[in-house]
Amino acid sequence: MEQMGLLHLYYGDGKGKTTAAMGLALRALGSGKRVVIVQFLKGGRSGEIPLLEQLGAKVFRGKAGQKFVSQMNEAEKAATRALQDANLAAAMAEPADLLILDEAGSAWELDMVDPELLQRAVRERPAGQECVLTAHAPVQWMLDAADYVTEMKCRRHPYQKGIAARQGIEY
């Protein structure tokens, strides 16, 4: 009997969405599973990525420049959209037991990914493929489709005290 792949949604304003997704990637890799990760709108260094790649994960990430989308001009937005679409299409072509679409909600909300392509990646994935979506504010179709829905709520964060992100902890 073929194992059914379920859809996970980690969302909210709290820390831990990407951390939870990458923890699941580590668990899957440790069990001999094939892992493909798309990190939308992330281009800077992040401590877990080189290690996950060393363990066999295929990672697609980046954006056109290092600006936030709200700071981009239309040409930069178009270049970022094109890169996000190309990354997602390449990820969909890779064989995977676990597909992680990190910041999929933000990419959708900010119009930085083709919405039909993103929905196809989630709704038309291979039957046994587990999938994780992360989002600050999830889109209704994501909530409706998810088998696991976990909200991460911020109660307190060091940033509120002026403490900057620290390497190895927040990135």
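Start with the second largest pocket: by class, its lining has six nonpolar, six polar and four charged residues. In that count, Ala, Val, Leu, Ile, Met, Phe, Trp, Tyr, Cys and Pro are nonpolar, Asp, Glu, Lys and Arg are charged, and the others, Gly among them, are polar. Before going on, note that this is a predicted model, where local features need pLDDT of at least 70, side-chain atom pairs count only at pLDDT 80 or more, and totals for chains, interfaces and linings use all residues. Residues are numbered from 1 along each chain as its sequence is written, and side-chain values use heavy atoms, with hydrogens and water left out.

To find that pocket, select Gln-3, Ala-28, Lys-33, Asp-97 and Glu-130, which lie nearest its centre among 16 lining residues. A pocket here is an open set of points on a 1 Å grid over the protein atoms alone, where a 1.4 Å probe fits, with protein on both sides within 12 Å along at least five of seven lines; lining residues have an atom within 4 Å of a point. The space in it comes to about 290 Å³, a volume being the space filled by probe spheres set on the points, which are joined across faces, edges and corners. Helix 1 gives the most to this lining, with three residues.

Next, the largest pocket. It holds about 1,400 Å³ of space. Select Thr-18, Lys-42, Glu-103, Glu-170 and Tyr-171: of the 41 lining residues, these are the closest to its centre. Colour the lining by class and you get 13 nonpolar, 17 polar and eleven charged residues. Which element gives the most to this lining? Helix 1 again, with four residues. Helix 1 (17-30) and strand 2 (35-40) each supply at least two; helices (H or I, at least four residues) and strands (E, at least two) are DSSP runs, numbered from the N terminus.

So select helix 1 itself. Its 14 residues reach 20 Å from first C-alpha to last, close to the 20 Å expected at 1.5 Å a residue (1.5 Å times one less than the number of residues). Show the side chains of Lys-17, Thr-18, Ala-21, Met-22, Leu-24, Ala-25, Ala-28 and Leu-29, which are buried. Buried means under 20% relative accessible area, exposed over 50%, and partly exposed in between (1.4 Å probe, protein chains only). On the face turned away, pick out the exposed Arg-27 and Gly-30.

What covers the buried side? Strand 1 (7-11), strand 2, helix 2 (48-54), strand 4 (98-102) and strand 5 (130-135) are included.

Now jump to Ile-49 in helix 2. Ile-49 counts as buried, at 5% relative accessibility. Leaving aside neighbours within four places in sequence, Ile-49 is in contact (heavy atoms within 4.5 Å) with Gln-39, Val-59 and Arg-61.

Two backbone stops to finish. Leu-41, in the loop between strand 2 and helix 2, has a positive phi of about 60° although it is not a glycine; Leu-41 is buried, with 13% relative accessible area. Asp-111 sits in the loop between helix 4 (104-109) and helix 5 (115-123). Phi of Asp-111 is also positive, near 60°, and at 41% relative accessibility Asp-111 counts as partly exposed.
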